Amino acid sequence: MDPSELRGKRGILAAVALLIIFVGMMSSLVKLSGNVNPGISQVYNILAFLVAPNSLSTWLYDWRGFDTLLETGVIYVGAVVSVLVIGRGMVRMRCRQGEPPVQSPPLEYKTESLTVILKYFGLPTAMLLVSYGILVVTGVSTSGGGGFQCGVIVASAYLLTTIFYGKKNPINFGKRFLVGIGSAGWAGYALCGLPGFLTTGYWQYNLGADLWNLVAPIYHTIFGDPFRLSLALQEGVFNSTPGIIPLLNIGEAFNVIGAIGLIFFAFIYGWSDSPADQDTEGGKGE
Amino acid sequence: MTESISNLWSIALLVTIPIFATIIVNLLFNRNRAIKYISLISALSLVVITILSPYGFQWFTGQPALNPNTLTFTFDASIPAWRMALEFYFGPLQQVLIFVMALILVLVIGIATNGLTKNQGPYIGMIFLLFMSAAIIIMVNDLYHLWIAVEIGSLVVVGVVAASGEGIGQKAALKYALFSALSGAGLAIALALILGLTGYSNISDAIRYIQTTNLAGMSSILYVAFGFFILSWIYAGGLVPIHPLKSEVYGAAFPHGTAMLQAQSKLMLVAIGLVMLRLFGSLPFAREVMLSISVLTMMLGVVMALLQTDLRWILAYLIVSHSGLVTVGISLGTYDALVGGLFQAVNDVLYMSVLLLGCEAVYYFGKGTSTKTAVGIAKKAPWLALAMVLGTFAASGIPPFNGFQSKIILIQSALKVGLPEVAVVILILSVTTFIALFRGIYSIFLKPAETTPLAVSGSVPSEAQEDDKETPIPRGLYLSLAILVVITLILGVYPDLVIRFLTPVAQAVSIPWYP
Amino acid sequence: MMLGEITPLIIGLLLGVLLGTQLSAPLSKRTVALLLGLSIVAAFLFGAPVFTWSIYGGYILPGLSFATPFIGAMVGLLIGKALRGGR
């Protein structure tokens, strides 16, 4: 939007509208402070530790696990749309050519000015960062961590090496790898709901934890035992398991690595669908 | 809503099949044949699931509800209890709306996979996600999930519009992205306020809490939440004052894409409108605000449509103005008005799709859709001209087409609540729709071709690039048009086929105009 | 010992291998040694989750433990890179 459109009457209108919104929101927040109704969250909090010691991950991936699937989808769609604007998957009508598609050229930047020391330490730093990201995703149920964070940390490692090395990036994520890992992540997350759906009819029921005793014990062994820990809590010692939560988070992490990596890739290196591209490899096209 | 089943299979499939289809076609990217088969099979399976499914609930992640009276957990959806899980409901209204959307999805997928060039994967994926977002919004009974679905829905709109790759599409897409981010944030604030006030993100639970508890001084928070809800409603449906933004989106996408976009947008209007009616319908002045926005949208949209000289843009503005018809019914909130508004949503989606697919067919004559360049097409394609004229009749509410049936219900209900002004506006809208559409259709189809300045083509250099060669119209496009025209006719003669699906919801939600 | 103490290590190793196959720059032996050393230091800094009780999970003494998934991920990265041939 052209900022000059906001001068004059329109600008005044916009300012008045913003003022009304601000006053309305602030007065409500003041009224709510100290009076927030806990509602259903009491029940959530009482039960959360039965699944995972990090109750935030129980909230996000068990009670509200399906919300998180769609949030993962928002990231996926955001990446696909951003890259589509750059040029991946533009379509035309066959009967009509119209104007040529808008193409965005890659960013031009120089890497010569960076010191040798930075280049020398770039890759080891990035590898340590990637390891840290992986640590974060494995610790989702036992400590603060999760798929979103892992994805963002790994993508930031990718951005770091991109800035240090330019086109000769040692973290050599290809287009196909990024699209594939992003899709595999979202698909994997969604597929984790299937076992619960097939056994109980509830999509994404946490089979491993099985709080409500809906499935046979064999499923506890398959989905729960690999992540079972003995928790020493105030309430006593529990041999509890987060069930499918770690798997969901790996899907989440893949999705975020793919999505954010793809956005970095497309904005920095540009996008072209030339025949030499990886994406057209093996594809017959029309 | 007395169905007690809380693990209905169809709801999960209606949501996840589009997700998997999107992922697969996006990965296939340029293998058009595989994309075509996979997407057609998925879309057809969605239609079948919608028809076969019984009614009921799906509690995602399988958490029970806590009965506050006995303090026990239950999986029976008919018992009023605080839901721990995310709740979706599939009932008669959902069935008919999702069926119409799935039908259009099948037709659009058929047209897109035949009529577009290579690398269709991401675009077809976006079309599936349009369906998914609309299906979720109409089924979900949870404020938080409603917000996420609105977010994903508006992002996908951006994708569908930007995929055309033309400057105008990209500009419209980016503008819409900016403003829809604002509306998403508004909805998030609204849900945060309601969540803070009640503690429940399940809409039925929140309403039960509001009705059973004395809110005293806190009730002003409801008004603020209502304001933010209105904001997102306006953005979702392109109501006044952002109608130019949404019309740009409709005009810049491919016509078949617009058919999906308008279907999604109408489902969103209905769903958010019903939620608003349930949550805020009894607040004084709430419905008056909604009604005035709707009436303004009808009038401004149709006036803008009169000014256009391109069929694509005439339709873009008409879609927005007809959204106002749907919302008039929902804002009035009485039983009759709700039936009329919901029925109008179904009819609107159908007849606008006829017109949009006809508009797509006009492109095959190689002269664009401007009334100045494309003329005399009726001679080459008489059946197409007939379909367009019938579509115009349906849109202008001429019997025996479906548009007539819903408009007459709306007019009667407006008169019943003592608002003859609204009835008059609806009548004016019908007449003006006819004028705007027929002006465009007359010059494109019926005006004799010899009056065109074809011989002096050098004098219109700007249109020269549109001057591609003529291509035969694919049979699938004709078939889609025929199916849709027949449905508009059948619904015009037997409106009860749809109306019996709408009455349960109208009964449950309706509020008398002067309580 | 519970299985939940070892599974993160295995997952870390596998994810490391997967991402390691995307690395393509020469690493000298000294750098590899440096990386392994640093990852052990980092693992001690991060520590194991408090619900880990066995040496396999990284628990040594109360207040002293190391994050095995971190080391697993680093080893995985190096393995993955070697599998790719260090192009």
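How much area do chain A and chain B bury between them, and what percentage of it lies on carbon and sulfur atoms? In this predicted model, in which local features need pLDDT of at least 70, side-chain atom pairs count only at pLDDT 80 or more, and totals for chains, interfaces and linings use all residues, chain A and chain B bury about 7300 Å² between them, 66% of it on carbon and sulfur atoms. Buried area here is the accessible area (1.4 Å probe) that two parts lose on being put together, summed over both.

Residues are numbered from 1 along each chain as its sequence is written, chains are lettered from A and ligands numbered from 1 in the order in which they are written, and side-chain values use heavy atoms, with hydrogens and water left out.

**Between chain A and chain B**

- Contact, meaning heavy atoms within 4.5 Å, joins 77 residues of chain A to 89 residues of chain B.
- Within chain A, the residues that lose the most area to chain B are A:Val91, A:Arg96 and A:Tyr202, which together make up 10% of what that side buries.
- The count of salt bridges between the two chains is one, where a salt bridge is a side-chain nitrogen of Lys or Arg within 4 Å of a carboxyl oxygen of Asp or Glu.
- The side chains of A:Arg64 and B:Asp142 meet in a salt bridge, at 2.7 Å from N to O.
- On the side of chain A that touches chain B, helix H4 (65-86) gives the largest share, 15 residues; helices are DSSP runs (H or I, at least four residues), numbered from the N terminus.

**Between the two domains of chain B**

- Chain B is divided into domain 1 (1-283) and domain 2 (285-515), with bounds that come from an automatic or database domain assignment.
- The centres of these domains, taken over C-alpha atoms, are separated by 23 Å, and their contact takes 47 residues from domain 1 and 49 residues from domain 2.
- Together the two domains bury about 4300 Å², with 81% of it on carbon and sulfur atoms.
- In domain 1, B:Pro255, B:Lys266 and B:Leu277 lose the most area to domain 2, together 15% of what that side buries.
- B:Lys266 also takes part in a salt bridge, its side chain meeting that of B:Asp348 at 2.7 Å, N to O, and the rule finds one salt bridge across this interface.

Technical notes:
Helix = DSSP H or I, 4+ residues; strand = E, 2+ residues; numbered from the N terminus.
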